[in-house]
Amino acid sequence: MSAFTDFDTIMERLASRKLWDFPGGVRPNGQKALSNTHPIDQMPLPKTLFVPLKQHIGVDADLIVKVGDHVKRGQPLTESHNPFAVPVHASSSGTITEIAPKVSAHPSGINELTIVIETDGRDHPVKYTPIADYLNQERACLIEAICKAGISGMGGAGFPTHVKSNNVKPLEFLIINGVECEPYISADDRLMREHAWQIRQGIDILEHLLSPKQVIIAIEDNKPEAFKTMSLACQHQTSYQVVSIPTKYPAGGEKQLIQVLTSREVPSDGLPVDVGCLMYNVGTCFAVSDAIIEGKPLTERVVTLTGKALSQPKNVWARIGTPVSDCLQAAGYEPEKQPYPNIIMGGPMMGFTLKSAQCPIVKTTNCLLAPAKRELPTLEQEKPCIRCSACADACPVSLLPQQLFWYSKSKEYELVEDYNLFDCIECGACAYVCPSEIPLVHYYRVAKADIRQQKIDKEKSEKAKVRFESRKARLLAEKKAREEKHRLAAEARKKAMKSDGSGAKDKIAAALARAKAKKAQQAMKASSPDKKEDLSANENPIPSNNAVASSVAESKHGENKSDKIAAAVARAKAKKARQQQEAKANGVNAEDKKPQPQNGASSAGDAGTETPAMDTSNSDSDKKKKIAAAIARAKAKKAAQQKNNDT
Amino acid sequence: MMSYFSLAVLAVAVLAVIFGLILGYASIKFKVQSDPLVDQIDNLLPQTQCGQCGYPGCRPYAEAVANGDEINKCPPGGESTIKDLADLMGVEAKPLSAAHGVEDVKKVAYIREDECIGCTKCIQACPVDAILGAAKQMHTIIIDECTGCDLCVEPCPVDCIDMVPLQETSQNWKWKFSQTGTGDIPIRTVQ
């Protein structure tokens, strides 16, 4: 821990309000006043909720409900034993009408498995199990409760909160992120103003779980009201400090905020806990408080509805799964009045344009932005990079965006990685300052996706190689074993021949003698048929016993056996049909001398028309049909191949 | 005079023997089992083992390339593999040879299971053991292991194997540049 600023120095600086800074950054117009002047509204309960199964980083959980089930608010819909899976809950009471892929809250808009709940309007909750005396509870119990409440980071990335809280490394600073640096968004601002007390309860729980040396609550200095309420809520906690930090985008980035508060830099491939810090969003703290103190799982969140295309921009409590269109309607959005209806999920810097207004609010949705025509410029034609290095000055991670752009564009991915592409936090500051209107982040995202795909492909090809090699080795071993067996058999034969002494002649003589004896026997049998009957009569009792046994078995597995017989009959018939067909096909060949492909088709067609006729005569038509169809396909294929060979 | 001359010859001869011994020892001690170039080429190839290059697998093709065969015979690898091979071999990259096929989207084999007759022919054809099944039992493909080499399609007597493109999910989705014009990523606010 000596590599970076020690705890005492940081505490001194915090006490004297002298913070550090991160490189670069931009100062866009905040536009927060659009939405932060009204208290948080309660959205009317939507008629239909679309709850996607996966709303966080990690893995899917397993469904535990089915279509037609009636669910109550807060009832878990999925569960999993995988530690990286977070369950989702029904956001209101109602009936599950569909579980199907629906448009997702993702820039691609690709359909993802979604549970559709038709709400009944009563909003009945399940019985909550609060853990009010959390101070006396086991750590594991609290972490499990957080997991079961379905909480994942609500700042944007959606990292499962219980995984983050299960920290065992030494922790100095627990940082609560109320910075909200992106323009337009004011959800955390309003939450801090109105629910500072619950947020503090959440911080108390996290503090109890993680036992840091110091808790820092960071709020940007453009939110003085939130700063005041949070300071008030935390005034009796000596180890809590509410810090106002200068407004600069992206100060709310995890690594940037740690740098501002502690001057420590999170290593390139490391985590904040490597520098003794952990960070939670204020929204997450609120959800943790709800989950532990009241036992309520995460079913709603604050969403900022803003943009000049809305007549009443505001913050609302929206149920998880509410369609975006419902939210916008509540804020007075009229899509028909918009020349370019364009909805952005997230802020203007890091958000993405939605493919469809039907997509749902998910746990990470903090803002819906509906800009008016002139509010956000449509991207102009990208001009060439003039190497002005404005992007490098703006980059909060001190990368060289112009180089990254250059190599991303030319797909020189090794070089891009050498320039630390994966340290890019995609904040968009470089694109914001670019005078040539280059969508830089876009290039980085494509390059990142390509590199990840390449890595996956590489892994896959390694695996294929190993499997191919092992298969080759196995085949070789099998071949050797076979050869060895043959060799041994041949040796044994040779040995036997040799040990016989008198050699082959005797053997031939013996074989001849055997053959003669057999012939004589057959001749005798033929001459006396009565005798043979006697013999068979004598032999019969034993098989007949078997028959009795088998008939008993038959009475047990009667269906099975009759099925088998029917199948055999069907096979035989199919074979006959095939032979007939073959004859017919040959006949056609001879008569018409048509080109082969038509023959193939016609024979397949014949099979198709002929088989149903046979089906009517047989009971298990299904199986037979299948067999006949298979044969027809095989024949068609053969014919096609023949034709290929001919030509 | 003569003695100097013979001394020099002797010295050089002794040196030659010593170095000869060292080199001879080194050639045994540091012997490379296979051609490292072949391994390098093999690592660049996509390992689909599809045989579209005309060789029975990726490694044989790697050997052929090491011996001077063309580098543009691998359709599954496509442009990027050709580029990598060109860098490695120090030759010009050239377009994919049309005789060996065209670069296609990633596909995996899919067996229409109710039509499968359980003949095991595809199992024998699969170079990476990605098909599960037994005689007269329905077969199925392990998607994660399938390289999309196409080799199982031909032997199937009832044509019940399809090559289907891999589905795009939000995990493997890539940002598309065609969308930037319509403001796909909002990146700046008007002051």
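Mentor: Helix axes are lines fitted to C-alpha atoms over the stretch in contact, and angles run from 0 to 180 degrees between N-to-C directions. The model discussed here is predicted.

Trainee: At what angle do helix α2 and helix α4 of chain B pack, and how far apart are their axes?

Mentor: Helix α2 (residues 36–44) and helix α4 (residues 78–89) of chain B pack at about 160°, and their axes are 9 Å apart. Angles over 145 degrees count as roughly antiparallel, and α2(B) and α4(B) are therefore roughly antiparallel to each other. The crossing of α2(B) past α4(B) is right-handed.

Trainee: Which residues of α2(B) and α4(B) meet?

Mentor: From α2(B) come B:Gln40, B:Ile41 and B:Leu44, which meet B:Thr81, B:Asp84, B:Leu85 and B:Leu88 of α4(B). By class, this contact has four nonpolar, two polar and one charged residues.

Trainee: Which residues touch the most other members of the largest nonpolar core?

Mentor: They are A:Ile175, A:Cys327 and A:Leu368, in a core of 124 residues. Helix α4 (residues 187–210) of chain A gives the most to this core, nine residues. Apart from that core lies another, of 31 residues, including A:Ala639 and B:Cys50.

Conventions
Residues numbered from 1 in each chain as written. Chains lettered and ligands numbered in written order. Predicted model: local features only at pLDDT ≥ 70, side-chain atom pairs only at ≥ 80, totals over all residues. Core = buried A, V, L, I, M, F, W, Y, C linked by C-beta atoms within 7 Å. Buried ≥ 20, exposed ≤ 12 C-beta atoms within 10 Å, placed from the backbone. Helix = DSSP H or I, 4+ residues; strand = E, 2+ residues; numbered from the N terminus. Parallel < 35°, antiparallel > 145°, perpendicular 65-115°, else oblique. Left-handed = near helix turned anticlockwise from the far one by under 90°. Contact = placed C-beta atoms within 7 Å. Nonpolar A, V, L, I, M, F, W, Y, C, P; charged D, E, K, R; others polar.
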